[in-house]
Amino acid sequence: MRINLPYRTTLAAILATALLGFAACGDDKADAEPKDTNTQAVAAAVSVSEPWARGTVGSEDPTMSAAFMMLDNAGTEDVTLESASSDVAGRTELHEMAMKDGKMVMQQVEGGIVVPAGKDMLLQPGGYHVMLMDLNRELVPGEEINLVLGFSDGSNVTVTVPVKEFTEEEGHYHEPGTPEHTHGGDDKVVKPSDEAATPSEDAEDDHEGHEH
Amino acid sequence: MSPRGIERRRLLGHVGSAVVGAAVAVPTTALLLDTESGHSPSSSPTPGPIPISPYGAHQPGITAPPPAATAIVALDLLDEVDRAAAVRLLKVWTTDVVAMAEGRPVPGDPARDLAQSASLTVTVGLGHRAVRRWGLDVPELARVPAMRHDRLEPRWCGGDLVAVVGGADATSVAHAARTLVRDARPFARLRWQQEGSWRGTDGSGHRATGRNLFGQVDGSANPPAGSELFERTVWIPRGPWAGGTTLVVRRIRMTLDTWEELTREEMEASIGRDLASGAPLTGGDELSDIDPEARTEGRWTIARDAHALRSHPSRNGGARIHRIGANWTETVPTATGSRVESGLLFSSYQADVDRQFTRIQQSLDESDALNEWTTAIGSAEFAILPGLREGGWLGETVLT
């Protein structure tokens, strides 16, 4: 709610970073053609259900969205979701929400999202999610987008993801990304502006940008 | 058993995935409670509700046995919702309908743990304005003209879209109705919601027609599902709407206070049926046809204004409908506390509103002994979409 200015500033920085990273990130799985996707033997372990992506119509920042889903690992080995890509997003990252200095912040997941053997893992608002950045168009409720998920067992899964209206308070899940994030655990968050220097009073509605 | 992960699927979209089961309903096995502990033995759980496939030539809620719990939601379209947006809305709903039928959470459900197999069916239809705005042509959909006995309240009338949710329990149905309304939010707003319940089993757990709150067996004259008569009565036969139908939703208030003053004989005479069995007063069993001309000691066995006679096909040019009832009560605040109104949420399915529903209703409006204790307080008409194809979306034949 507050901090429009830091938010925008941060965003610009992020987008700049995004552009630098574009070539590396943007072309990986999406263009890697379905040779893997069709290989059942490789992709069999993890199934995807309940996929959806948040629409951007009327959202605060229509260049970003997030996708959520249930990952179900039927196999006997842990499998890690390592990457994601979509033709609607210039850049895609795997994110989590985590407590940092008493505030909930969004950060890139280090090492991907592990789906333990025989277990499932829900990607959901307020938790793990696939962050879609640099969207090249509006996402309208009722349409479908494609998402390619890359797993540690070498499989790629293409998922058709319906776009739905986002029903929860946007600030919870839609904070700017933190592309160069290296927060391991004990870390100091560098505030992008003086205003944000006051420590946490509202954990949910701050658009923290963490740049290092 | 985990509610999820029963099936594995990889490719999904609005159309969901594989189906579970077929459209069947099985009598609930009566479960004897262990009265000592107050619980049924945990080692022998009640068999759960059987999923009803969302796919087929027709939407399954129309031919399924009347569900224990019903919620009907009617929505009004937002101004800007054009035909392209309509397709998106119907795709969102298709995803939901398939997930609900399979007992899975819909994507993004904030209360996903509520999802479980509940024999959920969702029947989706379009009201007059939607049909007009999207340039559709459904000659079978007509407005029901005002009836002399109607006391319609705007809060129970009209609507641009409808979703009829049926299920084995009221909790699942409430959650499903809420979900459909929420997911329609970019496109439409709730206009009204009506709920009701039905007891489709007898005391020993066998399928039964069920009773309204007057105690009458209600629905005996329905054409048997799957019969040629049913097909002819209910489905629109050709064109883009083939396999669809029309729905008239009537909210009927029933005045129990004065009804209860009647003798049993008077009650039976007003409808022309035996209260205990539902059989016509002219004899036979519940499903026997009435004999309009039968006399007892020179007088008509069935009174000329009996409901069963006035609504009989022989009195209405052969017109029939397929009716599904749901009983409701509504608590109304008063100065000192509250009082309760009772009634029937009456869904009438027919291939053609004018030729079937309206024809019969006008005959009843003219004369029907039951009019003394029943009053329509809500009315709405919808064109019900044809069935859902696996991999398709609701309404694709009419909107593409």
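Author: Glu50(A) is found in strand E1 of chain A, residues 46-54. Helices (H or I, at least four residues) and strands (E, at least two) are DSSP runs, numbered from the N terminus. This is a predicted model, in which local features need pLDDT of at least 70, side-chain atom pairs count only at pLDDT 80 or more, and totals for chains, interfaces and linings use all residues. Residues are numbered from 1 along each chain as its sequence is written, chains are lettered from A and ligands numbered from 1 in the order in which they are written, and side-chain values use heavy atoms, without hydrogens and water.

Glu50(A) is not a glycine, yet its phi is positive, near 50°. Its relative accessibility is 6%, so Glu50(A) counts as buried. Buried means under 20% relative accessible area, exposed over 50%, and partly exposed in between (1.4 Å probe, protein chains only).

Ser119(B) sits in the loop between helix H1 (83-101) and strand E2 (121-126) of chain B. At 16% relative accessibility, Ser119(B) is buried.

Now the helix before that loop. At the start of H1(B), a side-chain oxygen of Asp82(B) comes to within 3.3 Å of the backbone nitrogen of Ala84(B). The 19 residues of H1(B) should span 27 Å at 1.5 Å a residue, and its end C-alpha atoms are 26 Å apart, which agrees. The expected span is 1.5 Å times one less than the number of residues. Of the 19 residues in H1(B), 15 are buried, so the helix is mostly covered. Gly103(B) follows H1(B), with a positive phi near 75°.

Helix H8 (residues 353-366) of chain B is another one to inspect. Its 14 residues reach 18 Å from first C-alpha to last, close to the 20 Å expected. H8(B) bends by about 25° at Arg359(B). The bend is the angle between axes fitted to the seven residues ending there and the seven starting there. Buried residues of H8(B) include Val353(B), Phe357(B), Ile360(B) and Leu364(B). Their cover includes helix H4 (228-234) and strand E9 (338-350) of chain B.

Last, the whole chain. Chain B holds nine helices and 10 strands. Of its 400 residues, 55% count as buried.

Terms used:
Contact means heavy atoms within 4.5 Å. A polar contact is a pair of N or O atoms within 3.5 Å; within protein, one must be able to donate a hydrogen and the other to accept it, and residues adjacent in sequence count only if both atoms are side-chain atoms.
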